[in-house]
Every structure is written in C-alpha cells, then in structure tokens.
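Subject: Structure handover

Hello,

Here is the structure I promised to pass on. Please open it first, then read my notes below.

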Amino acid sequence: MMDNKPVLLIVEDDLGLQSQLRWHFDKYEVVVAPDRAQAIAAVRMHEPAVVIQDLGLPPDEEGVEEGFATIQETMRIAPNTKIIVVTGYHDYENALRAVALGAHDFYQKPVNTDTLDLIVQRAYQMWSLEQENRRLLENKQNPLPGVIANDERMASVCRIIEKLAPTDVTSLVLGESGTGKEVIARAIHGLSKRSDKRFVAINCAAVPENLMESELFGYEKGAFTGASKRTLGKVEVASGGTLFLDEIGDMPLALQAKLLRFLQERVIERLGGRDEIPVDVRVICATNKNLEEMVSENTFREDLFYRISEMIVDLPPLRDRGGDKTLIARHLLSKFSDQLNKSIKGFSAEAITAIEGYEWPGNIREMENKLKRAVIMCEQKTIGISDLGLPYKEDLSLNLRTVRQDAEKAAIIRAISMSDGNISAAAKLLGITRPTLYDLIKKYGIHIQE
C-alpha cells in the first residue's frame, strides 16, 4: 500500500495505453512497467494486490512467451497477487493458458476501461477477502497464548490445558527438547487465576548440584561463606503465582526428597534457618526424560513422580504435527522479519517443500534458529531453500489418492497381522466383506504368509 491506496501494477509497453490506464485507475496507486525485468522489480518493491498484464512484451511483442514467463515469476514471488491478462481479441487459447499458469482472470482487446475497471474491482475484492481469511485463520490457529497449532494432537493438548489451567493441580509437561514445554507452562499460568502474579522458571539441569537447594529454597544470612544477607529462593519468590521446574529429571536425588516434602506440606525452610515458611504456589514441572524408566532404575523417586504427575501433558514432536511445520514457520518468519526490520513476505515453493519434508530433530527450537538465520541471510522478498540450508526432497507427495492408498494398504496389513492371517477375521476388523478384502489384497499385491 502507498498513501492508503491499493497498488495496481500495469505491465504494458504501449505508451498510449499506459497513459490511458494510469488516468482511468486514479483510485489506485498505479505503477507501470514496460517489460518483464521492470515488472518483477515492481512486484518485489511494491507488492501489488492486482496486476494488469499484456502478454506481448518486449523483446517478443509479437509472441507470448515473455508474457507467460512474467506470470510464472510473479506467481513464484507473490502467489497471492491477482493477475489480469490482457490478450488479443481472438487469443482465447493463450488466455486460458495464462489462467492455468496462475492468472486470476483475462480480458480481450480492444480495451473498454469500464469493463476492465469492474474486473479489477472484483480481483481486488477477492484479494482483500483472502487476506482477511488468512488473518482469521491465523487467529483460529492460535488457541492458547504463544501456541501455534492446527494439528489434532495439539488441539487435544490445548483442550486439556483449558480445563487444567483454572485448577491448582501440579502438572507434568512431557516432550522432546525444543517442543515448547515452557510455552505450555506459561499458557497454563496465563489462563489461571494466578495470571496477574509471577511466573518463575528454574532449569534444574543448569544449576550446579551444590547450589540447587539455596536456589530453590533461599538461605539465611551466615548460612555459608559468602551469605552476607537473607536471600529468598525461587519457591518463595513465586508465592501467589506459578513455579516452573524445567528438566525436573535432572534434579539430584537428595534434593528430590526436600522437594517432595514441600509439595506435600507447602512449607519450606531456608538454608541455615529453622522457621517453617508457608508458601502458596502452583507447581508445573517439565522434562524430556522418561521418568517412569528412571523410577525403575532408582534414579528418580517414585513418590515424587506420582506427586508431580497429578496431570500429564504430553507434547508431540514437530515431525508428528501434521500441517504445523509450515504454519509455525510462517509465524516465525513474520516475527523475525519484524524484529530484524526485514520486509520478507513468504517462502518459495521449494522452501515450503523442504520445511515439510524435514524431520526437525531439534523441534521448534531448531526451526527458530534456522528461520532467524534465513531472515538475516535472505536478500529477496521470499525465503529460498538456500537461505534455510535444508535438504530438498522433490518426492514429497500430498496427492490425496496416494495418501489414501498408502493408509488403506497399511490398515489391511495390520488387520491381517492382528488376525494371524485369518481373512474372515481381518475383514470383520476392517468392516468390509471377505471378497472385498481379497480384491484389495490382490490390488495392493499384499503377500499373506501361510
């Protein structure tokens, strides 16, 4: 937008037609480009909502290939832009080809400005509706503060949190490193009755063992060498609010007993002190370790495990969150573009394919790092695959027929396995007839072990 007017790009080398259209579309901020190079430069600079483009562009005014190349490049850079192609009167075939390449509409010469005006208005209205749609969808996909999700498993997590937040139940958030456990803890705090009080976090893996007790419970003056004054611990500082114990699986066994006593009695004793101090605080713990396994190995107290896991929130890794990779990537792109004062508007098709095809072993934290680097390195309006530094897989398939067939074949194999090769029992499990199952076995070339 410029001067609060929508930007209209006119790609036309005829000076007379340029002048006529510029004069007619006075409600728009009109930008004119006579050839492909200047048109693409204008798309990058002005981000027009609508483009009116002639197919016959120099150096090939009599042909259409330069016009088609301009359409393709424009759609790659700004896929939401509405392109209206202006063609010759009998050039219906090329008009359809332009629409197939991504153009929004076409208009055949000679130009009637009133008719063209109506087509441009409709294109701009469609662009505005799509923009609003994306904005509403983004709001819908932010079910909790700080949580960006569309995946059904994450939607289930969000519903759990909404029910959990108003209570004071001690909760345990499980998930791989980088899945956003602290974000979930903050969301629980933000939706609770304690939201106006402090949220205090401590990473149990980052504090040395000999300092952990004083860090949690505080100490009195003279409790040890260098203790020159009374100092409150994290538990006391969080009183009235929420205490978040991250990486609880790394807490030393000796301190686990003291934490258990605090959780049971809700009182603490500062190091070097004798007074019992009551503390009203909600406790949320998190870990990327298997605490049940640690309990069986006697490296984590069983009684503490049951005390902190009154409610468990299990976060899926990013690789298992269908559709969330691109959604989160777009959110992070917008965030980092604002922070770093860059005007990057999206991703190339190859970059999106790479984002969806990558496993993201470091989860959202890894994505944050790669996206921040990409925003810094990017010199265009869109993030490319070279900016991300991700492997590119061209065979990422979103074809619904292929996906359905793969799922159907996997279900049949599973049912036959569960039925120990009994076709009648497998058909019953699948809810189909025995002949139908035989047909599907033949179709997918499934081998049945005798």
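**The cavity**

Strand 3 gives the most to the lining of the largest cavity, with three residues. This is a predicted model, in which local features need pLDDT of at least 70, side-chain atom pairs count only at pLDDT 80 or more, and totals for chains, interfaces and linings use all residues. Residues are numbered from 1 along each chain as its sequence is written, and side-chain values use heavy atoms, with hydrogens and water left out.

The structure holds one cavity of 30 Å³ or more. Its volume is about 40 Å³. A cavity here is a set of points, on a 1 Å grid over the protein atoms alone, where a 1.4 Å probe fits but cannot get out; lining residues have an atom within 4 Å of a point. The volume is the space filled by probe spheres set on the points, which are joined across faces, edges and corners.

Strand 1 (7-11), helix 1 (15-24) and strand 3 (50-54) each supply at least two lining residues. Helices (H or I, at least four residues) and strands (E, at least two) are DSSP runs, numbered from the N terminus. The lining includes Ile 10, Leu 17, Ile 52, Val 86 and Val 111. Glu 12, Gln 53 and Asp 54 are also among the lining residues. By class, the lining has seven nonpolar, one polar and two charged residues. Ala, Val, Leu, Ile, Met, Phe, Trp, Tyr, Cys and Pro count as nonpolar; Asp, Glu, Lys and Arg count as charged; the others, Gly among them, are polar.

**The cores**

The largest nonpolar core has 32 residues. Such a core is a set of buried Ala, Val, Leu, Ile, Met, Phe, Trp, Tyr and Cys residues joined through side-chain atoms within 4.5 Å. Buried means under 20% relative accessible area, exposed over 50%, and partly exposed in between (1.4 Å probe, protein chains only). Among the residues with the most contacts inside this core are Leu 216, Leu 245 and Phe 300. Helix 10 (253-265) is one of the elements that supply at least two of its residues. The largest share, five residues, comes from helix 10.

Now look at Leu 245. Not counting residues up to four places away in sequence, Leu 245 touches Ile 202, Cys 204, Leu 216, Leu 259, Val 283, Ile 284, Cys 285 and Ala 286. Contact means heavy atoms within 4.5 Å.

**The salt bridges**

There are 21 salt bridges in the structure. Each is a side-chain nitrogen of Lys or Arg within 4 Å of a carboxyl oxygen of Asp or Glu.

Arg 36 pairs with Glu 66, and their closest N and O atoms are 2.9 Å apart. The two are 30 residues apart, with Arg 36 in helix 2 and Glu 66 in helix 3. Arg 36 is partly exposed at 27% relative accessibility. Glu 66 is buried at 17%.

Asp 320 and Arg 153 also form a salt bridge (3.9 Å, N to O). Asp 320 lies in the loop between strand 12 and helix 13 and Arg 153 in helix 6, so the pair ties together parts 167 residues apart in sequence.

Asp 168 and Lys 193 meet in another (3.9 Å, N to O). Asp 168 is partly exposed, at 34%. Lys 193 is exposed, at 62%.

Best wishes

Conventions
1 Å grid on protein atoms, 1.4 Å probe; cavity = no way out; pocket = protein on both sides within 12 Å on 5 of 7 lines; lining within 4 Å.
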